[in-house]
Amino acid sequence: MNTAATATHCPYCALQCGMNLVPQDGLLTVASRDFPTNKGGLCQKGWNATELLAHPERLTTPLIRDHKGADLRPVSWEVALDRIAQEFQECQERYGHDAVGVFGGGGLTNEKAYLLGKFARVALRTPHIDYNGRFCMSSAAAAGNKAFGLDRGLPFPLEDIPGAEVILLIGSNVAETMPPIMQYFDEQKRRGGKLIVVDPRTTPTAKAATLHLQNTPGTDLALANGLLHIAARDRLLDKDFIQQRTGGYEEVRRVIASYWPDRVERMTGVPVQQMVEAAHLLGKASTAMVLTARGAEQQSKGTATVLAFINLALALGKVGKPHCGYGCITGQGNGQGGREHGQKADQLPGYRKIDNPEHRAHIAAVWGIDAADLPGSGRSAYELLDTMGEAGGVRALLVMASNIVVSAPRASHVQERLDALDFLVVSDLFLSETAQRADVVLPSTQWAEEEGTMTNLEGRVLLRQRATTPAPGVWSDAQILTALAARLGYGKFFTAEPVAIFEELRRASAGGLADYSGITYERIKEKDGVFWPCPSPEHPGTPRLFLDRFATEDGRARFHPVRHQAAGEEPDDEYPLYLTTGRVMSHYQSGAQTRRVKALREAVREPFVEIHPTLASHFEINEGDSVQLTTRRGTAEVKARLTAAIRQDTLFVPFHWGGRGRANLLTNPALDPTSKMPEFKVCAVRLEKLARHQ
Amino acid sequence: MTSKQTSKQRLVVIGNGMAGARAVEDILTRGGSEQFEITVFGEEPHGSYNRILLSSVLSGAQDMQDIYLNPIEWYQENNITLRAGVRVTAIDRATKQVSTANGDVVPYDKLLIATGSRPFVPPMEGLDMADGKRKPGVFVFRTLDDCTRIASYATKCKRAVVIGGGLLGLEAARGLLNYGAQVHVVHLATHLMEQQLDADAGAILKGTMEKMGVQLHLQKITTAILGEDMVTGLSFKDGSTLDCDMVVISCGIKPNNELAAECGLKVERAIVVDDQMRSVDDPDVYVVGECAQHRGRVYGLVTPLWDQAQVLANHLTGFDPEAAYTGSKLATKLKVMGVELASMGITGPANEGDEVVQIAEPQRGTYKKMVIRDNKLVGAILLGDLSKAAPLMQAFDKNTLLPEDRLSLLLDFDTSTKTKQMTMLEMPDEARVCNCNNVTKGEIRRCVLGGQHSLKGVMAATRAGTGCGSCKMLVQDIVEWASEGHLDADAAEDAGASNTALTTGAGRIPLGMAPIATQDMRGLTPTELRKIADLAERCNAPTVRITDGYNVDLLGAKKDGLLAIWDQLS
């Protein structure tokens, strides 16, 4: 172990706060690092991140299940890897290449995400690879590509945020999910800026807002169209901008003509007066930003919803200018990079498309294979999971860095499908709820034990540096993939060295939309990160996109006419309430990591449901009572938390726990037709009080 | 048997208003263009537009081009044959074809009647000239053309009278005010908008409209329009008259049923339809909009028409063969600048046990009323204050169970949004101070009690203020309060560095005036205040702030002046 501090980043969310890891008494502790994203600040998760390195529950040896029904038992790496290779080969011999699938994670470094995509296509020759990022930013990605020809979380660095006069933040609770980012919003407000938050809940972020629009779940799109209607009516549109830099406004104008304020008020529950105030704040500001997050995106109309807000930003001329723009607050640590480099069923490295012959040829050349051998587009995440073990579905699955038993929608069904597989391999740090069902479990390295790059919400490529040697018996995912590839007869195509993988990734991404070819580890260290696209070593990187032109063929941004439609499931007599899901400050994703950290576990110990006191009184539910929530997918049991911060017709359950309190037992896998995003944020639910246990 | 040119069915739509056009759009979005060759007949020479916003166009609040829904090109883009300005004269259900005024015959497989309605004009003398043409100065308010004609005529008028004090009549009246004419409304009933309001609300609304400059005449039955070549006035059944040079008739609607009646479809008040929006007599004939009578009701508001269009499209295209329309809940708002009015459901108790909650402030022009049945909202009127309209509308639409405290539905007690400033003593121990690191006031207090007396030390020990930093000032105030005069100086210096404010702890200002601000807010003597002011000036602090924690901040004081200040204080 080094004695000096190692400059690296937090392992959790997409902000990728800088931190120093300092050796102390044989362990690592977290110290503040003044990095441009977080300026030294960290939230509770970051400060406690090193606790998991020497955690007693950490996996340190591969585990194997000799046959279905047997217990997991420790084995050597040789035995585990041989078994995996053998099972994959047998499966593919019997059912074809498509019968083996791969499921990745948005926490993997660019190098590992890239290698996993390559492993699926080259060593397994399967089209079926997708990742949990599909559950995260896919709607915003699809909308960004349609409107601007390019998808990058934020088109500007965080430091631009304080310069925006007005910010419209939709479905994002950054004060809890990404706390250190609040310093930018605080500074924006300090300079006299206004923050408008759209959220069905009065979250800490909504409390910090100048104006909070507390809409009905699933009505964000209608709200966006309503705001644009008001802006058009009150002559606040930037006609010059529309004429010079965009296309397609007329079709949008026709659609928004039907979204007059009174109608939108009735649909959304947002008072007309507040809508007018919001539209006027945005329309009269000289600079404004429109930012969406999961609340707007995790809907069966998520892509259309994001497009509606992009329409608003475009019509007001608030895109492609300094201190303006549409952006998505991405979620997972490397959700952004993960989708750029081939972990998505329809994409190849460099944000290339798998159905584009030129793109295929480029990647095949870099990989040294025949383009004809490159599989085509595979199933999206939920579709992949939904068909596991069925005829035509995958029969063997490799899961890396994802806990789908907790995090996928309609979780009990996904769990059944996992159990219907012939063979399941899970690589993880702990025996997660998903790993518990695996035939082979592989222990992998943690962030402080490895090197690699991450791409944060700004499109800033960052360097994760190794601060300590891996725990004994633990391998990196890259080592695992390389060893498996060798057993499958494709060893010569793979290397496990992060820097070597990155060099290959640079070549693979060259000329693509997400061009990393000019980025090196050294440049990242020198410059506190490099923004893509960066097409050559001399290129400074691109902190700000679209200032001159958009990435579409004609350089113009595109309007898209979009209409409100009901959620996949609306409340009815049987399931009379809305259910929405989300996060709490002290936990992250499926909680596989944060539930194992003492301070975080103690901060919020168990799953709960937020209920408005008025609603609770009708059910005679008191604070702390056990309640049962039922949807068409299943039933969950959680503790009641009474709060006036939520609408009376809506319940909120955080999704960080497994077991009976699992929020995703309830959620609806209605998919967005374009992005294939499941509708985590809206479904219909029934509430019942459980009799008190004796 | 001849082979068909195309496998598509022929869908003929009669009417291109809000219901017909919407139905066609809904059919298209459900893949209808694959199944149907669509022909649309519209009497108006335009594409479709949003009639609901006509009064906004009349009042000048909205530009005319903003209300077009589908211009002529839209129909071409979607391969729809639009016969704008062509009137259908007959339907032959036996041969399944329609005939037009210019002699064309168009066959159909499915027919959609969306002929809508026309203004109801009550019988009265002098409406028309001898040649049968309408008398100059007499208008109805229904179409975009009406709107344009009214607007151009109104500029030349001294006094305009609107016959009909319903929703649209009042909107027209308010619109006419903007053209400089004196505006009167004559109304048949005992109060305005009797469909949507009870008598109390009607009376308050009358007052509001009158203050705005609209003169109102209730219980007036117009018997004649006076004037030879143009309007000169009105005469009423009670024998009175009213001079004017313009009349706008807004007395409700009359469904356009004639075509349907002539071809033998069942017509009562309007064309009678089933839950799939088909004529009860012919499964190949759908009906939508103001010309449809569903379960005994004829709707005139746009939302129900769109609900109907959706069901129709789902059923016609097979997108949802089970689709059924079961009726709509009616709610509306008056679009009159300066009047806040919303109404939903019934206007008064109708069943035994219906509960009424009512607040009236006639002086302020405010009136609020709810009708509650089985703990659910079945009717409401809000006048003069719409701050509660959105939640009430949703409770009405969704049958939400209402809280026991009914008044909370009508009044804002302002408890949630603005938290009042509380003192350190009042702030509960479990109040979360630092969101990022989940630190409560109690943890900070205990940390100080445990011996940490510097801000830096407390921050390091509790992590409070080490995330986004927005709570740093509050953390500092708590540390100062909790340390009761034993705050280490480096705390102040540290905060000064990052917040460009220099703070002195409450208990650390001696000079015989300590504490300058106490926890019980004892206050200061003038001498004490003067001393602080002198001090602030000496160290060039432009702003002096009393904090929530009763400390005094000298904002903008130079950090290097810190020691000098301490010296002066001691």
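This is a predicted model: local features need pLDDT of at least 70, side-chain atom pairs count only at pLDDT 80 or more; totals for chains, interfaces and linings use all residues.
**Chain A as a whole**
- Chain A contains 24 helices and 30 strands.
- Its radius of gyration is 24 Å, close to the 26 Å that the globule rule gives for 694 residues, so chain A is as compact as a globular protein of that length.
- If you follow the C-alpha trace of chain A along its principal axes, it spans about 70 × 70 × 55 Å.
- Take the contacts in chain A with a separation of 6 or more: residues 24 or more positions apart account for 73% of them.

**A helix tucked inside chain A**
- Look for helix α20 (residues 477-487) of chain A, where eight of the eleven residues are buried, so the helix is largely enclosed by the rest of the structure.
- Among those buried residues are Asp477(A), Ile480(A), Leu481(A), Thr482(A) and Leu484(A).
- What covers them includes the helices α2 (77-95), α3 (110-123) and α21 (498-509) of chain A, together with the strands β16 (396-400), β17 (423-428) and β18 (440-443) of chain A.
- Just after α20(A) comes Gly489(A), which has a positive phi of about 90 degrees.

**Chain B as a whole**
- Chain B has 17 helices and 34 strands.
- For contacts in chain B between residues at least 6 apart in sequence, 59% link residues at least 24 apart.

**Where the chains meet**
- Here 38 residues of chain A are in contact with 35 residues of chain B.
- On the chain A side, the elements giving two or more residues are α1 (44-47), α5 (174-177), α6 (182-190), α8 (220-233), α11 (261-268) and α24 (613-618).
- Sorted by class, that side of chain A has 18 nonpolar, twelve polar and eight charged residues.

- In soluble globular proteins, nonpolar side chains tend to be buried together.
- The largest nonpolar core here has 375 residues, and Val247(B), Val288(B) and Val475(B) touch the most other members.
- Helix α14 (residues 302-315) of chain A supplies the largest share of this core, ten residues.

**Two packed helices in chain B**
- Two packed helices are described by the angle between their axes and the distance between the axes.
- For helix α1 (residues 18-29) and helix α9 (residues 302-316) of chain B, the angle is about 35 degrees and the axes are 8 Å apart.
- The crossing of α1(B) and α9(B) is right-handed.
- Residues making this contact include Met18(B), Ala19(B) and Ala23(B) from α1(B), and Leu305(B), Ala309(B) and Leu312(B) from α9(B).
- By class, the contact between α1(B) and α9(B) has eleven nonpolar, two polar and two charged residues.

**A residue on the outside of chain B**
- Finally, find Arg530(B) in helix α16 (residues 526-538) of chain B.
- Arg530(B) counts as exposed because it has 11 C-beta neighbours inside 10 Å, and the cut-off for exposed is 12 or fewer.
- Arg530(B) and Lys376(B) are 154 residues apart along the chain, and their C-alpha atoms are separated by 61 Å.

Definitions and conventions. Residues are numbered from 1 along each chain as its sequence is written. Chains are lettered from A and ligands numbered from 1 in the order in which they are written. A nonpolar core is a set of buried Ala, Val, Leu, Ile, Met, Phe, Trp, Tyr and Cys residues joined through C-beta atoms within 7 Å. A residue is buried if 20 or more other C-beta atoms lie within 10 Å of its own, exposed if 12 or fewer, and partly exposed in between; C-beta atoms are placed from the backbone. Helices (H or I, at least four residues) and strands (E, at least two) are DSSP runs, numbered from the N terminus. Two residues are in contact if their C-beta atoms, placed from the backbone, lie within 7 Å. Ala, Val, Leu, Ile, Met, Phe, Trp, Tyr, Cys and Pro count as nonpolar, Asp, Glu, Lys and Arg as charged, and the others, Gly among them, as polar. Axes are lines fitted to C-alpha atoms, for helices over the stretch in contact, and angles run from 0 to 180 degrees between N-to-C directions. A crossing is left-handed if the near helix is turned anticlockwise from the far one by less than a right angle, and right-handed if clockwise. The radius of gyration is taken over C-alpha atoms; the globule rule is 2.2 Å times the number of residues to the power 0.38.
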